[in-house]
Amino acid sequence: MKKNLGAKAVITPLPVLIIATYNEDGTADAMNAAWGGQCGGSYIALNLSASHLTTENIQRLKEFTVSIADKNNLVASDFVGLVSGKKEKDKLEKAGLHTVKSDNVNAPVITEYPLTLECKAVSIREELGEIRIVGEIVNTIADESILNDEGKVDLDKLQPLVYDSPGHYYRVVGEKVGNAFKDGLALK
Ligand SMILES: Cc1cc2nc3c(=O)[nH]c(=O)nc-3n(C[C@H](O)[C@H](O)[C@H](O)COP(=O)(O)O)c2cc1C
């Protein structure tokens, strides 16, 4: 028996993306975003409220970084999603996060996260009450500790968080259960 739940957007998995930008005074800000994802080989789409400091920073500078939140940094990742840099000037310091300037974009790289995408905004549009930003990923920085023997990012090592929207929980990406572009061949 199936039930209609109404217009509930239970879309899973949602990522936990930490977007970092520079404020007008040169200090760094960061926020948590679950409404985002890959759109094309080297592009990322974000849906942000116009009211966030991060959104204003991206509209002004057109450059930002996106780190993939991991289990080790769960509390700090939630904190930057709860408090606005508009009200809390020492937001990153309170979160225990540190930054260096990106080599490739005018945006901070948060050193605690092992995987960070450096992005340039190629489209910023207001749509459905949100600001929809598409960023081109110009470089990806990965800590050696999360790479496998082939030099690829290993999700078992990274332990990325996903946002469980029905329960408002964070989960860790689970075990490998199959091979994409391969297992379906059994039915061909
Ligand atoms: C789990 C989680 C997911 C979130 N996802 C989004 C999102 O996709 N878009 C958005 O505009 N805000 C989202 N937020 C809210 C912002 O992270 C939050 O308002 C933040 O304080 C904005 O910071 P800023 O004003 O310093 O940029 C999310 C918060 C949490 C905790």
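Residues are numbered from 1 along each chain as its sequence is written. Because the model is predicted, local features need pLDDT of at least 70 and side-chain atom pairs count only at pLDDT 80 or more, while totals for chains, interfaces and linings use all residues.

The protein has four helices and 12 strands; helices (H or I, at least four residues) and strands (E, at least two) are DSSP runs, numbered from the N terminus. Along the principal axes, the C-alpha atoms fill a box of roughly 60 × 45 × 30 Å. Of the 188 residues, 31% count as buried. A residue is buried if 20 or more other C-beta atoms lie within 10 Å of its own, exposed if 12 or fewer, and partly exposed in between, with C-beta atoms placed from the backbone.

Seven strands form an open sheet with antiparallel pairing, in the order β3-β2-β6-β9-β10-β5-β4. Two strands pair if DSSP finds at least two bridges between them. β3 (28–33) and β4 (36–38) stand at the edges with a single partner strand each, so one side of each has no neighbour in the sheet. Six antiparallel bridges join β2 (residues 17–22) to β3, and L17 has A33 of β3 as its bridge partner.

The largest nonpolar core contains 36 residues, and those with the most contacts inside it are I18, I19, A20, A30 and V66. Such a core is a set of buried Ala, Val, Leu, Ile, Met, Phe, Trp, Tyr and Cys residues joined through C-beta atoms within 7 Å. β2 gives the most to this core, with five residues. Beyond its neighbours within four places in sequence, I19 is in contact with A30, M31, A33, L46, T54, F64 and V66; two residues are in contact if their C-beta atoms, placed from the backbone, lie within 7 Å.

V10 lies in the segment before β1 (14–15). V10 counts as exposed because it has 9 C-beta neighbours inside 10 Å. Apart from neighbours within four places in sequence, V10 is in contact with S165 and P166. V10 and Y43 are 33 residues apart in sequence, and their C-alpha atoms are 23 Å apart in space.
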